[in-house]
Amino acid sequence: MVLLSFDIEEFDMPFEYGKDISFEDQIAISRAGTITILDILDKFEVKATFFCTVTFAENIPDLIKRITETGHELASHGYYHSDFKPEHLLQSKLKLEELSGKKITGYRMARMMPVDEKEIEKAGYTYNTSINPTYLPGRYNNFNVSRTYFIKNNVLQIPASVSPLIRFPLFWLSFHNLPLGIYKTLASWTYKKDKYLNIYFHPWEFTDLEDFDRFGFPAYVRKNTGTKMAKRTENLISWMKAKNYPFGTFQEFIRTISSN
């Protein structure tokens, strides 16, 4: 199964690069990207999981409704994208359930930062997908963590997909920067080995981010954004469907592995 997911959040990433961006623009850019994503998923009739912050969810009630009514899964990405306290785990779960009318069972920490699994269990989540089991300088060093799903503190941990052996990450940055053929080769290798893929993207990637004065992003972040990202995403999904890879939400995946 392909676990396609999107971290939908207020677009605060320019702050990391010393740029100011208004809250209105943060919401507008992520909103536009979320609509593009939903249109692509509708076109190919595939289901995905949306990890959403409460801050963003409160500003897009129509899209939260569209996500849940079209069969996608809504999960928690925290209360705010750039502020975290342990109590936000339960608070975000309860608020997202209130806003969506759906049970929230999954969590992904903003920026894939470490999070205490005991606190995840205490807040009532079934699964956590906040681990990228690779080495990324200045961000994480998780070579000692299992590449594939495992249980810790009674919570199912579902790490982001990395290739076998060399643990090359298949996350959003590699999707932007690798030639698509190489990315597909790595994805195919990983899928054959693990029988599933867990890959994630963001709505703001579907905005043209080339304006350095406005966003301050280096070339490896700006590359293949906007309409190029939409086309690459369509290409990837089309290729996966041609290979008969089934798509599903995290909740569907958990039901599948639980029954085996």
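Let me start with the lining of the largest pocket: by class, that lining has 13 nonpolar, four polar and six charged residues. Before going further, note that this is a predicted model.

The lining comes to 23 residues in total. Those that lie nearest the pocket centre are Met13, Glu16, Arg111, Arg139 and Trp172. Two elements give two or more residues to this lining, helix H6 (172-177) and helix H9 (219-222). As for volume, the largest pocket has about 370 Å³.

Next, the second largest pocket. Here the space is about 220 Å³, and 14 residues line the pocket. Nearest the centre are Pro114, Glu117, Ser130, Ile131 and Asn142. The classes in this lining are eight nonpolar, three polar and three charged residues.

Now to helix H1, residues 23-44. H1 has 22 residues and reaches 32 Å from its first C-alpha to its last, which is close to the 32 Å expected at 1.5 Å a residue.

Which residues of H1 are buried? They are Gln26, Ile27, Ile29, Ser30, Gly33, Thr34, Ile37, Leu38, Ile40, Leu41 and Phe44. As a reminder, an α-helix has 3.6 residues a turn, so residues three or four places apart point the same way.

And what covers those buried residues? The cover includes two strands, E1 (2-8) and E2 (49-52). On the helical side, it includes H2 (54-57), H3 (61-69), H8 (212-215) and H10 (227-242).

Last, the residue that follows H1. That is glutamate 45, and its phi is positive, near 55 degrees.

Conventions. Residues are numbered from 1 along each chain as its sequence is written. This is a predicted model: local features need pLDDT of at least 70, side-chain atom pairs count only at pLDDT 80 or more; totals for chains, interfaces and linings use all residues. Side-chain values use heavy atoms; hydrogens and water are left out. On a 1 Å grid over the protein atoms alone, a cavity is a set of points where a 1.4 Å probe fits but cannot get out, and a pocket is an open set with protein on both sides within 12 Å along at least five of seven lines; lining residues have an atom within 4 Å of a point. Grid points are joined across faces, edges and corners, and a volume is the space filled by probe spheres set on the points. Helices (H or I, at least four residues) and strands (E, at least two) are DSSP runs, numbered from the N terminus. Ala, Val, Leu, Ile, Met, Phe, Trp, Tyr, Cys and Pro count as nonpolar, Asp, Glu, Lys and Arg as charged, and the others, Gly among them, as polar. The expected span of a helix is 1.5 Å times one less than its number of residues. Buried means under 20% relative accessible area, exposed over 50%, partly exposed in between (1.4 Å probe, protein chains only). Contact means heavy atoms within 4.5 Å.
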